[in-house]
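Please read the following points with the model open beside you.

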Amino acid sequence: LASPISHIVATPDGKGYWLVAGDGGVFAFGDAGYFGSMGGRQLNEPVVAMTSTRDGGGYWLVAADGGVFAFGDAAFHGSMGGLALNAPVIDIARDSTTGGYWEVALDGGVFAFDAQFFGSVASIPHLAATTGIDSSPSGGGYRLVGADGGVFAFGDAPFRGSMGGISLNAPVVGITSDATAGGYWEIATDGGVFAFDAGYYGSG
């Protein structure tokens with residue numbers, strides 16, 4: 001690899017996935033379509049995350065400076081690229097209702113593009129850096145997760161519990177929802193998985 005992998009995203013039907021690397025390279029597996037990448041192109045900051053469109057016919061990549069790159073049927077709705085940030089952007093989530101998306105920064109700031117803003121933790125005291133965002137299936141809300149496993153729910157995204165306040169062996173770096181059960185999973189850098197109203201199938 002020219003650059004380490006920074007993120008993985010499942011296809012909407014669960015029959016494939018994409019990997020994205022820090023240099024913007026995209027790798028598609030299973031029934032995930034390849035629609036292009038930023039690999040080999042000049043970037044101001046590394047790509048840190050990606051998310052797919054609702055039908056899986058495209059995807060967005062987001063860089064640490066908030067720049068967004070759209071491929072396939074993913075429309076570009078704006079970005080924080082070129083604007084002053086208090087903290088680097090770390091993740092992106094799609095709004096399944098509007099086709100827009102949210103960016104989240106390490107300080108818990110949320111930036112909405114053709115998506116409703118439901119709140120953030122940027123101005124709220126919290127113990128750890130924000131490391132991920134996960135949108136509700138309806139598009140009517142989202143959850144933020146911190147490195148300590150704490151979860152903050154906004155809009156119609158339900159809070160089902162968290163690892164906040166519990167001793168962890170390694171920081172939590174992401175969150176993803178269980179569309180069937182309505183809960184979610186947290187993932188830590190040591191491969192630990194924490195399930196909240198979601199099936200537990202093992203961990204690394």
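Notes on the predicted model

1. The side chain of T130 comes to 3.5 Å from the backbone nitrogen of G108, a polar contact in the sense of a pair of N or O atoms within 3.5 Å, where within protein one must be able to donate a hydrogen and the other to accept it, and where residues adjacent in sequence count only if both atoms are side-chain atoms. This is a predicted model, in which local features need pLDDT of at least 70 and side-chain atom pairs count only at pLDDT 80 or more, while totals for chains, interfaces and linings use all residues. Residues are numbered from 1 along each chain as its sequence is written, and side-chain values use heavy atoms, with hydrogens and water left out.

2. T130 belongs to strand 10, residues 130-135; strands (E, at least two residues) and helices (H or I, at least four) are DSSP runs numbered from the N terminus. With a relative accessible area of 2%, T130 is buried, a word that stands for under 20% relative accessible area, with exposed meaning over 50% and partly exposed in between (1.4 Å probe, protein chains only). Leaving aside residues up to four places away in sequence, T130 touches I90, V104, A105, L106, D107, G108, V121, L144, V145 and G146, contact being heavy atoms within 4.5 Å.

3. Where does the largest pocket draw its lining from? The elements that give two or more residues to this lining are strand 1 (5-10), strand 4 (47-52), strand 7 (89-94), strand 10, strand 13 (172-177) and strand 14 (184-188). The lining has 40 residues, of which A10, D134, I175, T176 and S177 lie nearest the centre of the pocket. A pocket is here an open set of points on a 1 Å grid over the protein atoms alone, where a 1.4 Å probe fits, with protein on both sides within 12 Å along at least five of seven lines, and lining residues have an atom within 4 Å of a point.

4. The space in the largest pocket is about 1,300 Å³, the volume being that filled by probe spheres set on the grid points, which are joined across faces, edges and corners. The lining divides into 19 nonpolar, 16 polar and five charged residues; Ala, Val, Leu, Ile, Met, Phe, Trp, Tyr, Cys and Pro count as nonpolar, Asp, Glu, Lys and Arg as charged, and the others, Gly among them, as polar.

5. Strand 4 is largely enclosed by the rest of the structure, because six of its six residues are buried. Strand 4 runs antiparallel to strand 5 (residues 58-63), and five bridges join them, where pairing requires that DSSP find at least two bridges between two strands. S52 has Y59 in strand 5 as its bridge partner. The two strands form a hairpin with five residues between them, and G56 in the turn has a positive phi of about 75°.

6. A63, in strand 5, is buried at 1% relative accessibility, and among the residues that A63 touches are E45, V48, F69 and V89. A74 lies in the loop between strand 6 (68-72) and strand 7 and is buried at 8%. The C-alpha atoms of A74 and W60 are separated by 6.5 Å, although the two residues are 14 residues apart along the chain.

7. Two residues other than glycine deserve a look at their backbone angles: D114, in the loop between strand 9 (110-113) and strand 10, has a phi near 50°, and D197 has a positive phi of about 50°. D197 follows strand 15 (193-196) and is partly exposed, with a relative accessible area of 45%.
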